[in-house]
Amino acid sequence: MTKPTVLMTGPYTEWDMPAMEQDYTLLKLWEADDRDALVAHHAAAVRAIATRGDLGASTQLIAALPNLEIIGCFGVGTDGIDLEAARARGIHVTNTPDVLTEDVADLALGLMISITRKLSEGERHLRDGDWLKGNMPLATRLWGKRLGIVGMGRIGQAVARRAAAFSMDIAYFGRSARTELPYAFVPDLVELSRRSDVLVATLAGGPATKGLLDAAVFDALGPEGYFVNVARGSVVDEPALIAALQSHRIKAAGLDVFLNEPHIDRRFLALDNVMLQPHHGSGTVETRQAMGQLVRDNLASHFVGRPLLTPVV
Ligand code: 8YV
């Protein structure tokens, strides 16, 4: 049997690539000098796109592939994929939920601890020899503080479970109240921000949430407030966040996601009240192994006609 042709938008982790090569004829978009020419030349053969949460699959790419059957996304966020175009043509889309939830929540807590307890400053204080001259400035307590979670999906709930162990007072904003959860629903995002010491974004990206966290939200958080984003850069009005950090209208931020990754706004680099991470929420060996396996299991299921494990469309 000939192997199905799969267009990959970017590399997967090293242990996934041999498994992908074994089962499929791979077209590696990132290695092509002329991407459009590669797509045009093989367009009719491509039956699947294997992409990543950060790379997605554009309207143009989907339109260029007349025999596309499925898009497998290595990541839970499908905001970079034109889902409407896929739906309109009956193209399946799968993602990798659940397997990464706890890791992303771990990183959110890590950022919350880092920025309140000044972990970067502490290390710099020691390495630069400043400890010999005196103690580092005092930090802020995290436990017992008021936490606002923006987006009470799987990752938001995993953050809440961890925050409960820190005796935090937890409230959330989302599309609707989750009455099964023991946390306060605040239907107004600015109001949630006003009542929070720490605001953490765990909501999905996409047109519906674009720029949702704006100047009004940061002003409501206030000069003693902390902001953490492990969701998508697009959910934040980035110029408003940078301005709030520059003018100390919020205290500090911990950011794992940005607009235009990896070419992030250079103004972030000049700020000393922000901890920056390179979109690494799911970046553990264990989770990336599980994500790769799930992408491959979905593709394999599709090509033998079994139900998809984690369909989005
Ligand atoms: C990954 C992500 O970093 O799950 C998502 O939506 O953005 C991340 O888990 C990304 O998909 C890997 O490239």
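The legends below describe close-up views of a predicted model. Residues are numbered from 1 along each chain as its sequence is written, and side-chain values use heavy atoms, with hydrogens and water left out. Because the model is predicted, local features need pLDDT of at least 70 and side-chain atom pairs count only at pLDDT 80 or more, while totals for chains, interfaces and linings use all residues.

View 1. The ligand is surrounded by 13 residues, where a residue is near a molecule if one of its heavy atoms lies within 4 Å of it. The closest are Phe-74, Val-76, Gly-77, Arg-232 and His-279. This shell divides into 4 nonpolar, 5 polar and 4 charged residues; here Ala, Val, Leu, Ile, Met, Phe, Trp, Tyr, Cys and Pro count as nonpolar, Asp, Glu, Lys and Arg as charged, and the others, Gly among them, as polar.

**View 2. Polar side chains at oxygen atoms of the ligand.** An N or O atom in the side chain of Arg-232 is 2.8 Å from an oxygen atom of the ligand, and a polar side-chain atom of Asp-54 lies 2.9 Å from an oxygen atom of the ligand. For Arg-288, the distance from a side-chain N or O atom to an oxygen atom of the ligand is 3.2 Å. Of the 330 Å² of accessible area that the ligand has on its own, the protein covers 92%, as calculated by the Shrake-Rupley method with a 1.4 Å probe.

View 3. Seen here is an open sheet of 7 strands with parallel pairing, in the order β8-β7-β6-β9-β10-β11-β12; strands are DSSP runs (E, at least two residues), numbered from the N terminus, and two of them pair if DSSP finds at least two bridges between them. At the edges are β8 (184-185) and β12, each of which pairs on one side only. Strand β10 (residues 226-229) runs parallel to β11 and is joined to it by 4 bridges, and Phe-227 has Ala-253 in β11 as its bridge partner.

**View 4. Two loops with backbone features.** Asp-98, which is not a glycine, has a positive phi of about 65°, and its place is in the loop between β5 (92-94) and α5.

Methods. A polar contact is a pair of N or O atoms within 3.5 Å; within protein, one must be able to donate a hydrogen and the other to accept it, and residues adjacent in sequence count only if both atoms are side-chain atoms.
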